[in-house]
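Welcome to a short tour, to be taken with your viewer open. Load the model, colour it any way you like, and follow the stops below.

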Amino acid sequence: MRALCWVGAGELAVRQVPDPELRNGHDVIVRIRRSATCGGDLPLLAGRVPFLAVGDVLGHEFLGEVVEVGPQVRRHRVGDRVVVCSSVACGACWYCRRDLPSCCDNGSADPAVAEAAWGHPTGGAFGQPRTMGGFAGSHAEYVRVPYADVGAFTVPETVGDDRALFASDAAPAGWMGAELGQVRPGDVVAVWGAGAVGQLAARAARLLGAERVVVVDPEEGRLRMAERHADAETIDPRHADVTAELRERTGGRGPDVCVEAVGAAWNGHGLRSLADRFTGGGAERPAAVREAVHACRKGGSVFLLGEFTGFVDAFPLGAVTSKGLTVRGARQHGQRYIPMLLERMARDELRTEHLATHRLPLERGAQGYALFRDRADGCVRVVFDPDLPPSAG
Ligand SMILES: [Zn+2]
Ligand SMILES: [Zn+2]
């Protein structure tokens, strides 16, 4: 089959790779119909994450059709249209039983490296290096889905592919940020980043009863989307002092909940960011995290959805203790939220298709990731469709 492979820092190529096969009784094989880019891919693409190997297939947000079913699979049949959680969880271990699927003890086939880096192995994910399980990604014609009864979900007939696709990764991540960030009815919530995850965190905060949601992002087009689809107010950090503006809009108190959906790639403003740029390459740059911690009201809650892989520099720990903040983060626990999100999509409460700003064949993968990385042409997410002819788009 054809697959979009990592072939070196910044380099992608479509290659012929062996078709995936059923390996365990609980596997299914899915023929891919949609597979999206995600900000979490960018550190991989740049070669900043160790253990990615030449020939590894990227992609973890996807939807497709079941074409083969292992003998132990109960919930799926050939022909089912499924959306698959981007993280891999067994459904049966100590963590899965406590509803923490992205912490699964059996998601990674090679836990030693994660254990060395983080103290514990985490669950696996598609399209990641072997530290995260080494599961081949979804930018391909087919993908093997382990633990299919746990991680694959049949899409209601009334929900289209371009909407349901985002129930794989961006929508559950956003929902988790709002829910575990403890958004309560009447709250003011600030969200850093208006990419797919940030927009869906903002929408989730509204659905959980936030009275006001303020989205911070330096892209005009994304801010307009957040206004239209998440019913959010916006701040453009190019034209405003974000912390001062948030204080102003909250009667001097600051937001109750701050959700960070930027990660380490954010090019922040001000002196600290300048220092980051000069010392770049070592520690990750959590400019949005710093701002969120700084802006959050006393006793408030900060949730980190951004992709961080190692160590950060200049974290404002003093603000956390002095202001009594709760700071929390997680890789997305999608298995927990996807059925509920699909129901909301079917009821038209949650619309996501506008996030698929570009649709391209696999063969245009390098171009798609360049568009996505540079946010060119209003790009929010590029969706690869292996059925499109190579010249399409
Ligand atoms: Zn992702
Ligand atoms: Zn598990």
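Start with the charged side chains: the 45 positive and 49 negative charges of the protein chain have mean positions that lie 3 Å apart. Here Lys and Arg count as positive and Asp and Glu as negative, while His and the chain ends are not counted; each charge is placed at NZ of Lys, CZ of Arg, CG of Asp or CD of Glu.

Before moving on, know that this is a predicted model, in which local features need pLDDT of at least 70, side-chain atom pairs count only at pLDDT 80 or more, and totals for chains, interfaces and linings use all residues. Residues are numbered from 1 along each chain as its sequence is written, chains are lettered from A and ligands numbered from 1 in the order in which they are written, and side-chain values use heavy atoms, with hydrogens and water left out.

**Stop 1: the whole chain**

Switch to a cartoon view and you can look for 14 helices and 17 strands (DSSP runs, numbered from the N terminus: H or I of at least four residues for helices, E of at least two for strands). The C-alpha atoms fill a box of roughly 60 × 45 × 45 Å along the principal axes. Of the 393 residues, 55% count as buried, that is, under 20% relative accessible area, where over 50% is exposed and in between is partly exposed (1.4 Å probe, protein chains only).

**Stop 2: the zinc ion**

Select ligand 1. Which atoms coordinate the zinc ion? They are SG of C38, NE2 of H60 and OD of D169, at 2.0 to 2.2 Å. Donors are N, O and S atoms within 2.8 Å of the metal (3.2 Å for Na, K and Ca), and water is not among the atoms, so sites may look incomplete. Find C38 in the loop between β3 (28–36) and α1 (42–45), then H60, 22 residues apart from it, in the loop between α1 and β4 (61–69). C38 is buried at 8% relative accessibility, and H60 is buried at 6%.

**Stop 3: V189**

Next, select V189 in strand β10 (residues 188–192). Is V189 buried or exposed? V189 is buried, with a relative accessible area of 1%. Beyond its neighbours within four places in sequence, V189 has contacts including V183, A205, V214 and V259 (contact means heavy atoms within 4.5 Å). Finally, draw a C-alpha to C-alpha distance from V189 to V17: 45 Å in space, and 172 residues in sequence.
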